[in-house]
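This briefing sets out selected features of one protein model for computational work. It is arranged by topic, and each point may be checked against the coordinates.

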Amino acid sequence: MKFKMRLKLLALVCGIDVCLGMVLVYMVREREAAHVAANSGALPWEEGGILDRAKGLEGKCVALTFDDGPHKDCTPRLLDGLKQRGVHATFFLMGQSIEGNEEIVKRMKEEGHLIGNHSYSHVQLTKAGAGAACDGVDKTSSLIENITEERPQYMRPPFGDWNEELECEVGMTTVLWSVDSLDWKLRNKNRIVKRVLKDVEDGDIILMHDIFPSSVEAALELVDALTKEGYTFVTVDELLID
Ligand SMILES: [Zn+2]
């Protein structure tokens, strides 16, 4: 069976107190999307969801997102390359990697990147229990806030593993992705670039990890290639907000 990781976004607006006005982005594989469509008619993102709104921005845009950092060597190299190209990205930081790398986090903020939360120690949050999961997320947000003087509003759960209960406990906007670079697995610049270019479309959120040299090289090559194709690079908040 052909297994094509074609990921789509689904935006849901929570209607209860702490969730009011928050947007939850879900990752859905195409074949799962087909299942949803078969059961409920039109897909939510075809009815004015995030992708449509992203397309309302001028020109084609795409968000590069990096998880699991900061990394003492790879992240500064990535920041150098992004700065040279005048591109902003989104970094979802892991709390346990922040200690010792505070200057890198400060630099991300100073250079206009968006900083989000990727838990403290990369646990599977739905299995950790709401209390422990939220403690780790809060601790990470506090570490980031101490450095940047701004508390993160966006979070990407490790493994994309999330549920509604956590949404309400944590009180942050969850951001998943629509194109998975599989950089952690491929570890090869050319293969990562090829994989992303094959799938990328206007309004996509690309998942990468700034902890591998090959990911940094691939990300910068992707910036150059997609810029030539007319894409503008935005941070995820620019995709999620009108
Ligand atoms: Zn991760």
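Helices (H or I, at least four residues) and strands (E, at least two) are DSSP runs, numbered from the N terminus. On that basis, E149 lies in the loop that joins α7 (130-148) to β6 (154-155). The model is a predicted one, and its secondary structure amounts to twelve helices and ten strands.

**Overall composition**

- Of the 242 residues in the protein, 52% are buried.
- Where contacting residues are at least 6 apart in sequence, 73% of the contacts join residues at least 24 apart.

**Zinc site**

- Three residues coordinate the zinc ion, namely D68 through OD, H118 through NE2 and H122 through NE2, at 2.0 to 2.1 Å.
- Along the chain, the donors of the zinc ion are spaced as D-x49-H-x3-H.

- P70 is placed in the loop between β3 and α3.
- S97, a residue of helix α4 (residues 95-98), touches D68, G69 and P70 when residues up to four places away in sequence are not counted.
- With a relative accessibility of 15%, S97 counts as buried.

**Packing of α10 on α11**

- Helix α10 (residues 189-199) and helix α11 (residues 213-228) have axes that come within 8 Å and cross at roughly 45 degrees.
- This angle makes α10 oblique to α11, since only angles under 35 degrees would count as roughly parallel and those from 65 to 115 as roughly perpendicular.
- The crossing in which α10 passes α11 is right-handed.
- From α10, the contact takes in K189, N190, I192, V193, V196 and L197; from α11, it takes in S214, S215, E217, A218, E221, L222, A225 and L226.
- Sorted by class, the contact of α10 with α11 holds eight nonpolar, three polar and three charged residues.

**Packing of α3 on α11**

- The axes of helix α3 (residues 74-85) and α11 come within 9 Å, crossing at roughly 10 degrees.
- The two helices α3 and α11 are therefore roughly parallel to each other, as the angle is under 35 degrees.
- The α3 side of the contact consists of C74, R77, L78, G81, L82 and R85, and the α11 side consists of P213, V216, A219, L220, V223 and D224.
- In this contact of α3 with α11, eight residues are nonpolar, one is polar and three are charged.

- V62 belongs to strand β3 (residues 60-67).
- V62 is buried, its relative accessible area being 0%.
- Although V62 and F233 are 171 residues apart in sequence, their C-alpha atoms are 5.2 Å apart in space.
- Neighbours within four places in sequence aside, V62 is in contact with V200, D204, I206, L226, Y231, T232, F233 and V234.
- One of these contacts, L226, is also among the α11 residues that meet α10.

**Positive phi in loop residues**

- S119 is not a glycine, yet its phi is positive, at about 75 degrees.
- S119 sits in the loop between β5 (114-117) and α6 (125-128), and S119 is buried at a relative accessible area of 1%.
- E149, likewise a residue other than glycine, has a positive phi near 60 degrees.
- In contrast to S119, which is buried, E149 is exposed, with a relative accessible area of 75%.

**G112**

- G112 is placed in the loop between α5 (102-110) and β5.
- At 32% relative accessibility, G112 is counted as partly exposed.
- The C-alpha atoms of G112 and V87 are 8.9 Å apart in space, while the two residues are 25 apart in sequence.
- Residues up to four places away in sequence not being counted, G112 touches H88 and T235.

Terms used: Residues are numbered from 1 along each chain as its sequence is written. This is a predicted model: local features need pLDDT of at least 70, side-chain atom pairs count only at pLDDT 80 or more; totals for chains, interfaces and linings use all residues. Side-chain values use heavy atoms; hydrogens and water are left out. Axes are lines fitted to C-alpha atoms, for helices over the stretch in contact, and angles run from 0 to 180 degrees between N-to-C directions. Angles under 35 degrees count as roughly parallel, over 145 as roughly antiparallel, 65 to 115 as roughly perpendicular and the rest as oblique. A crossing is left-handed if the near helix is turned anticlockwise from the far one by less than a right angle, and right-handed if clockwise. Contact means heavy atoms within 4.5 Å. Ala, Val, Leu, Ile, Met, Phe, Trp, Tyr, Cys and Pro count as nonpolar, Asp, Glu, Lys and Arg as charged, and the others, Gly among them, as polar. Donors are N, O and S atoms within 2.8 Å of the metal (3.2 Å for Na, K and Ca); water is not among the atoms, so sites may look incomplete. Buried means under 20% relative accessible area, exposed over 50%, partly exposed in between (1.4 Å probe, protein chains only).
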